[in-house]
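Here are my notes for a colleague who is opening this structure for the first time. Please keep the sequence and the model in view while reading the numbered points.

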Amino acid sequence: MGKIAQESLLSDDGVRSDGRRIDEARPFEVQVGVLTQANGSALVKQGKNLILAGVIGPYEAERHSQYLDRGVLRTRYHMQPYSTNERKSPTFTRREIELSRAVREALEPAVILTDLPRAQIDVFIEVLQADGGTRCASVNAASVALADAGVPMRDLVTAVAIGKVRDTLVVDINDLEDENGQADFPIAMMPSKGKITLLQMNGLLTQEEIQKSIEMARGVIRSLYEVQVEALKRRYAPLAASGNREGGSDA
Ligand code: ADP
């Protein structure tokens, strides 16, 4: 499939090209509320991916796009021309249209749109740096940004791509593994509900490998979810504490 020998993607003793083990995710960092003018925002680092998500809303939608019984979620996934080694066109591409939709569909089950009749929520995702799995990192950033905007949610959404190199399943693939590996299988879940909200697959996997990938993803997603939750707590714990002091609750 790719241009690089499978052996260089995974050594005999199970070490990947970037030094990770097969079940080791990339370093994952989340910062909440990085933009002062957006209603919610998050900056996510997932390996070398750097993704900024900014939320506008909920706000009252234009009449023609309103639903009386629920709100509308919109997403825009955009890659900066400097985010990849091949310079990407600054204009919106077909791939970005498709990924905007994939990210929206991954998030939608978690957003309680019926609590937001007539409203609109817009999520703008900027890929500042790309290294494989940007749709997953975008979901991870966007769900935290939505929570930061105070949007009612059933759960966060957390995503990771499982891949296959040298006939072996590996978690959280990078660009080299995506391009040269045997499969790319992005998976998003609502972690505390255990529900899958996105499954997409390129390449060839057996039914058993699909099952095993989902289980591997579940484990990684749990640990990424903890990082997302911690980031939200870091952002809101000081506010809650100062609120308590002002309220004189410990007096
Ligand atoms: P994902 O980022 O979700 O894995 P793809 O599988 O389409 O989505 O892309 C894989 C990787 O290929 C991206 O993360 C990025 O590193 C790289 N890539 C995507 N689009 C381009 C592009 N137009 N030019 C160069 N590299 C790109």
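1. The side chain of Gln-120 makes a polar contact with the side chain of Asp-122, at 3.0 Å, where a polar contact is a pair of N or O atoms within 3.5 Å, and, within protein, one atom must be able to donate a hydrogen and the other to accept it, while residues adjacent in sequence count only if both atoms are side-chain atoms. Gln-120 is found in strand S5, residues 119–129, and counts as buried because its relative accessibility is 4%; buried means under 20% relative accessible area, exposed over 50%, and partly exposed in between, with a 1.4 Å probe and protein chains only.

2. This is a predicted model, in which local features need pLDDT of at least 70 and side-chain atom pairs count only at pLDDT 80 or more, whereas totals for chains, interfaces and linings use all residues. Residues are numbered from 1 along each chain as its sequence is written, and side-chain values use heavy atoms, with hydrogens and water left out.

3. Turning to the ligand, 14 residues surround it, and the closest are Arg-95, Gly-132, Gly-133, Thr-134 and Arg-135; a residue is counted here if one of its heavy atoms lies within 4 Å of the molecule. By class, the shell around the ligand holds two nonpolar, four polar and eight charged residues, with Ala, Val, Leu, Ile, Met, Phe, Trp, Tyr, Cys and Pro counted as nonpolar, Asp, Glu, Lys and Arg as charged, and the others, Gly among them, as polar. Helix H3 (134–148) and helix H4 (175–180) each supply at least two residues of that shell, helices being DSSP runs of H or I with at least four residues and strands runs of E with at least two, numbered from the N terminus.

4. Which atoms of Arg-95 and Gly-132 lie 2.8 Å from an oxygen atom of the ligand? For Arg-95 it is an N or O atom in the side chain, whereas for Gly-132 it is a backbone N or O atom. A polar side-chain atom of Arg-135 also lies 2.8 Å from an oxygen atom of the ligand.

5. Although Leu-68 and Arg-118 are 50 residues apart in sequence, their C-alpha atoms are 5.3 Å apart in space.
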